[in-house]
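Biologist: Please take a close look at one helix and at the helices packed against it. A connected account would be appreciated.

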Amino acid sequence: MTHAATHPLPLTDPRTAPLALVVPFCLAWSSAFAAGKIGLADCPPLLLLAFRFLIAGALLAAVAAWRGEYRGMAGRTLGLLALLGLLNHALYLGLSYSGMTYVSSGLTALIVSANPVLTAALAALLLGEAMNRRKALGLALGVVGVALVVRGRLGSGTDAPLGIALAVGALVALSVGTLLFKRLAPRTGLLAGTGVQVLVAGLALLPIGLLVEDAGSIRLTAGFAGSLVYQALVVSIGGYLLWFRLLQRTSATEASAYHFLMPPLGMLFGWALLGETVQPWDLLGILPVALGIRLVTRG
């Protein structure tokens, strides 16, 4: 039995989830796209992600090994973690970051924030989960909200269709990875499982990045270094550990409700750090997306 399974944190009333967990989680998660776009100015997307994953994965795996979380881990568990790493990290963020070379970080954050909605729809089709009228209404509102933003962006010429398509592909990869984790969740420690996933994602993206991208275009600037360190430590390590700690302190459904804050916070970071334009369509589209996700994920 893993360390995480031996010492679980007790479930508490979701309303008592400490701000010391909620606030940094929301800030780390929602700032990831803006921080990534800063790094993209000096490094191609796949190589940037490969460096980020290798740093974060090596640190997490080293700590997990020191804690003994890899003792007795079966080969099947390692294989499953590797598959989840390819979907939830390499493919999801590879498509997201590639898309951000064509569209704003705020729009990428908004599209990906529909993950709970798409996951609920796929779970109803593939896992036989119940689909009631409340969930169906939430799905419809989520689609309407994203469509409003995408329509406004395409109509104004602000963002390219290819970038939007890549962001939608990232959303699909994350939803499929979420379903696989739900159905085939490996029994392993938090640090060990996350470390394997992130490290595998880095090892997968590095040769692809070297093959299809120009490593010579990397510029060792302060912006690149700061973005890489922030993404590796704050997002890949801090963000995921805070997320799983929230899951320990509250139910999964209640913890996912904090993702309601990601679209507006993501656009806020894009405006504050990158000077990205926030359009009326963006503000209008956020409302049905947030309400739709709320209806799907909360009872």
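Modeller: The axes of helix α4 (residues 75-99) and helix α9 (residues 190-212) approach within 7 Å and cross at roughly 65 degrees. Here helices (H or I, at least four residues) are DSSP runs, numbered from the N terminus; axes are lines fitted to C-alpha atoms over the stretch in contact, and angles run from 0 to 180 degrees between N-to-C directions. The α4 and α9 crossing is right-handed, that is, the near helix is turned clockwise from the far one by less than a right angle. In contact (heavy atoms within 4.5 Å) are, among others, L78, L81, L86 and A90 of α4 with G193, V196, A201 and L205 of α9. These contact residues comprise twelve nonpolar, five polar and no charged, where Ala, Val, Leu, Ile, Met, Phe, Trp, Tyr, Cys and Pro count as nonpolar, Asp, Glu, Lys and Arg as charged, and the others, Gly among them, as polar.

The model is predicted: local features need pLDDT of at least 70, side-chain atom pairs count only at pLDDT 80 or more, and totals for chains, interfaces and linings use all residues. Residues are numbered from 1 along each chain as its sequence is written, and side-chain values use heavy atoms, leaving out hydrogens and water.

L86, one of the contact residues, is also where α4 bends by about 35 degrees, the angle between axes fitted to the seven residues ending there and the seven starting there. Because the expected span is 1.5 Å times one less than the number of residues, the 25 residues of α4 should span 36 Å, and the 34 Å between its end C-alpha atoms agrees.

Helix α2 (residues 19-40) also packs on α4, at about 60 degrees with axes 10 Å apart, again in a right-handed crossing. A32, F33, G36 and L40 of α2 meet Y92, S96 and Y97 of α4.

Note on methods
Helices (H or I, at least four residues) and strands (E, at least two) are DSSP runs, numbered from the N terminus.
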